[in-house]
Amino acid sequence: MRKKIVAGNWKMNKNLAETKTLLSELKTNLQKAREAEVIVAPTAVNLYMATEELQQVDIKVAAQNMHQAENGAYTGEISADMLKRVGVETVILGHSERRAYFGETDELLASKVSKALQHDMTVIFCFGEELQDRKSDNHFAIVENQLKNGLFHINTEDWKNVVLAYEPVWAIGTGETASPEQAQEMHAFIRNTIAKAYTQQIADEVSILYGGSVKPNNANEIFAKPDVDGGLIGGASLDAESFVAIVNAF
Ligand code: PGA
């Protein structure tokens with residue numbers, strides 16, 4: 001059975017004090033017995049504090065980005081080893097904001113994926129089409145290419161450390177969500193693409209999250225779709241009450 005996961009991508013929000021407050025609200029309010037695994041991704045300077053805070057708690061911490069080199073003269077960057085040493089085992093790669101604002105290409109992402117997997121980290125690999133791709137009915141081809149070019153170089157065994165996040169760019173932070181049917185259609189396509197490139201078993205076992213304006217009032221119908229295994233939540237993850245409600249939507 002594949003895992004259900006709800007991950008909160010806090011982006012460049014929440015300073016030290018605010019991060020502490022949100023973590024403690026989540027610790028208090030998230031039920032111990034829940035269907036979904038919970039992951040939070042605070043900004044890099046707060047990762048160490050977050051892993052310390054959450055040591056005894058079943059909430060994982062993810063980084064929002066990582067460099068592809070082992071170490072070296074890359075001013076401002078953070079390596080996989082550095083993340084691991086502060087207790088971070090998961091990294092989000094390929095978020096559309098990284099692709100759009102920081103010029104991250106499929107080729108670069110492929111090397112980041114390899115480095116993270118080499119360090120036995122879990123990768124939450126994000127991808128998704130832009131509005132013009134959907135309007136021109138190109139969305140399946142775009143998604144297939146993003147997967148092939150950024151991810152499909154990995155080995156069969158690596159898939160146990162991969163989570164996918166389909167995030168149509170037109171739905172991120174816009175208040176516009178893909179309909180549950182649109183999400184299901186794309187998630188089924190993604191699973192099928194993996195089955196063709198690898199095996200049906202790998203396709204059946206990988207968790208595919210949906211991201212893009214998931215809120216407490218729409219999470220339930222999106223998560224109810226058979227190929228949607230959870231969500232990557234931006235805006236609504238910044239407020240404990242709404243994030244907890246989304247986690248409880250399973
Ligand atoms: P959003 O962001 O929930 O604010 O649309 C999702 C994301 O960027 O992962």
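Student: How far is an oxygen atom of the ligand from an N or O atom in the side chain of lysine 11?

Tutor: The distance is 2.6 Å, which falls under the heading of a polar contact (a pair of N or O atoms within 3.5 Å; within protein, one must be able to donate a hydrogen and the other to accept it, and residues adjacent in sequence count only if both atoms are side-chain atoms). This is a predicted model, in which local features need pLDDT of at least 70 and side-chain atom pairs count only at pLDDT 80 or more, while totals for chains, interfaces and linings use all residues. Residues are numbered from 1 along each chain as its sequence is written, and side-chain values use heavy atoms, with hydrogens and water left out.

Student: Which residues come nearest to the ligand?

Tutor: Of the 13 residues around the ligand, those that come nearest are Lys11, His95, Glu167, Gly173 and Ser213, where being near requires a heavy atom of the residue within 4 Å. A polar side-chain atom of glutamate 167 is 2.6 Å from a ligand oxygen, and a polar backbone atom of serine 213 is 2.7 Å from an oxygen atom of the ligand. The protein covers 97% of the 280 Å² of accessible area that the ligand has on its own, as computed by the Shrake-Rupley method with a 1.4 Å probe (for residues, only the protein chains shown count as cover).

Student: What should I check in the backbone of lysine 11 and serine 213, and where do these residues lie?

Tutor: Look at phi, which is near 50 degrees in lysine 11, a positive value in a residue other than glycine, and near 60 degrees in serine 213, again positive in a residue other than glycine. Lysine 11 sits in the loop between strand E1 (5-9) and helix H1 (16-29), and serine 213 in the loop between strand E7 (208-211) and helix H10 (216-223); helices (H or I, at least four residues) and strands (E, at least two) are DSSP runs numbered from the N terminus.

Student: Is serine 213 buried or exposed?

Tutor: Buried means under 20% relative accessible area, exposed over 50%, and partly exposed in between (1.4 Å probe, protein chains only). Serine 213 counts as buried because its relative accessibility is 9%. Glutamate 129, in the loop between strand E5 (122-127) and helix H6 (131-135), is also buried, at 0%, and its side chain makes a polar contact of 2.8 Å with the side chain of tyrosine 166.

Student: How is threonine 174 placed, and what do its side-chain atoms reach?

Tutor: Threonine 174 lies in the loop between strand E6 (162-166) and H8, and it is partly exposed because its relative accessible area is 46%. A polar atom of its side chain lies 2.9 Å from the backbone oxygen of tryptophan 170, and one lies 3.1 Å from the backbone nitrogen of glutamate 176.

Student: How many residues does the largest nonpolar core have?

Tutor: In soluble globular proteins, nonpolar side chains tend to be buried together. A nonpolar core is a set of buried Ala, Val, Leu, Ile, Met, Phe, Trp, Tyr and Cys residues joined through side-chain atoms within 4.5 Å. Here the largest has 67 residues, and Leu151 and Trp159 are among those with the most contacts inside it. Helix H8 (residues 180-197) gives this core its largest share, six residues. Apart from this core lies another, of twelve residues, among them Ile5 and Leu209.
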